[in-house]
Amino acid sequence: MNLILFGAPGAGKGTQAELLARRYGLVRLSTGDLLRDAMREGTELGREAKRYYDAGELVPDGVILGMVRETMQGAADAAGFIFDGFPRTVTQAEGLQALLDDVGQPLDAVVVLEVDDEEIVRRLGARLSCPQCGAVYNRDSNPPKEEGICDRCGTPLTQREDDRPETVRRRLAVYRDQTAPLIGFYEQTDTPVHHVNGDRAVDEVQSELRRLIPG
Ligand code: AP5
C-alpha cells in the first residue's frame with residue numbers, strides 16, 4: 001500500500017502518518033525529516049538544503065528526488081510507503097510515479113488534510129520537537145509529561161527553526177502556490193483523492209483515515 005498525505009504546514013501530516021505507519025506496517029517517508037537529518041549531520045546535501053529550508057522555500061526537486069530514491073531503495077522489502085510532505089511539485093509527482101513504476105507498485109490513495117490558516121499558526125507556534133529522536137509535541141494539545149523534555153529519550157525539546165511566524169507565513173504561501181495545485185493533478189488520475197477535516201482531535205482524524213484507506 002502506498003499513500004500520499006497532503007496538507008499545509010502543521011496540518012498534522014507527521015502526526016497522522018506516524019500512527020498509520022504503525023497500524024499498517026508501512027514506512028513513513030517524510031522529506032522534511034530526511035532534510036532535518038541531513039542538516040543535523042552537516043552533510044553536503046544538508047548544507048545545500050539549509051538556505052531554502054530556513055527561508056520556508058522548497059528545496060530543489062533534484063535534491064528531493066535523489067533523497068527519496070535512495071530511501072525507497074534502502075527499504076525495498078517494505079509493505080509500502082506513506083509519503084509525508086512529498087511530492088510538493090509536479091516534477092516531484094512525476095518522479096514519484098516513475099519510482100513506483102520501476103518497482104511495479106501502485107499509488108493507492110491520496111489524502112488531503114484540511115485545516116485553516118489560523119489554527120495552523122496556533123499549532124506551529126506551540127509545536128516542540130525532539131532534536132534527538134524526532135518526537136513531536138504541542139504545548140496546547142500534546143504536551144510532554146515533563147515540561148520541555150522528550151518523553152521518549154529525555155532530550156531537551158526545541159522549536160523548529162522554520163516555525164518562526166514570518167517563516168510559517170511564507171511556508172503557507174508556498175503551499176498554496178506550489179503544492180496545493182497538485183491535488184488537481186491527482187484528481188485527474190485514477191487514484192482516489194480523499195479530503196479530510198484535520199481540525200479535530202488527533203484520534204478522530206486517525207479513525208477517519210483508517211476508514212478511508214484500503215487494507
Ligand atoms: P516539512 O517538515 O515537511 O514541514 P511541513 O509540510 O511544513 O509540515 P510540518 O512538519 O510543519 O507539519 P505537519 O503537517 O507534519 O504537522 P505535525 O503533525 O507536525 O517541511 C519543512 C521544509 O522542508 C519545507 O518548508 C521545505 O523547505 C523543505 N521540504 C520538505 N519536503 C520538501 C519537498 N518535498 N520538496 C521541497 N522542499 C521540501 O503537527 C503540527 C503541530 O500540531 C504539532 O505540534 C502536533 O502535535 C500538533 N497537532 C497535530 N495534529 C493535531 C490535531 N489534530 N489537533 C491539535 N494539534 C495537532
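Entry 1, the ligand shell. I sorted the shell around the ligand by residue type and found 13 nonpolar, eleven polar and ten charged residues; Gly counts among the polar ones. The model is a predicted one, in which local features need pLDDT of at least 70, side-chain atom pairs count only at pLDDT 80 or more, and totals for chains, interfaces and linings use all residues. Residues are numbered from 1 along each chain as its sequence is written, and side-chain values use heavy atoms, with hydrogens and water left out.

I counted 34 residues surrounding the ligand, and Thr15, Glu57, Arg88, Arg171 and Arg200 are the closest; a residue is near if one of its heavy atoms lies within 4 Å. Of the elements (DSSP runs: helices H or I of at least four residues, strands E of at least two, numbered from the N terminus), α2 gives the largest share, four residues.

I noted an oxygen atom of the ligand 3.0 Å from a polar backbone atom of Gly12, and a nitrogen atom of the ligand 3.0 Å from a polar backbone atom of Val59. The protein buries 95% of the 1,000 Å² that the ligand exposes when taken alone (Shrake-Rupley method, 1.4 Å probe).

I found Gly46, Ala49 and Tyr53 to be the buried residues of α3 (residues 44-55), where buried means under 20% relative accessible area and exposed over 50%, with a 1.4 Å probe and protein chains only. They lie on the same side of α3 because they cover an arc of only 75° around the axis, taken from the directions from the helix axis to the C-beta atoms. The face turned away from the buried side carries the exposed Glu44, Arg47 and Arg51. After α3 comes Gly56, with a positive phi near 80°.

Methods. Polar contact = N/O pair within 3.5 Å; in protein donor to acceptor, adjacent residues only side chain to side chain.
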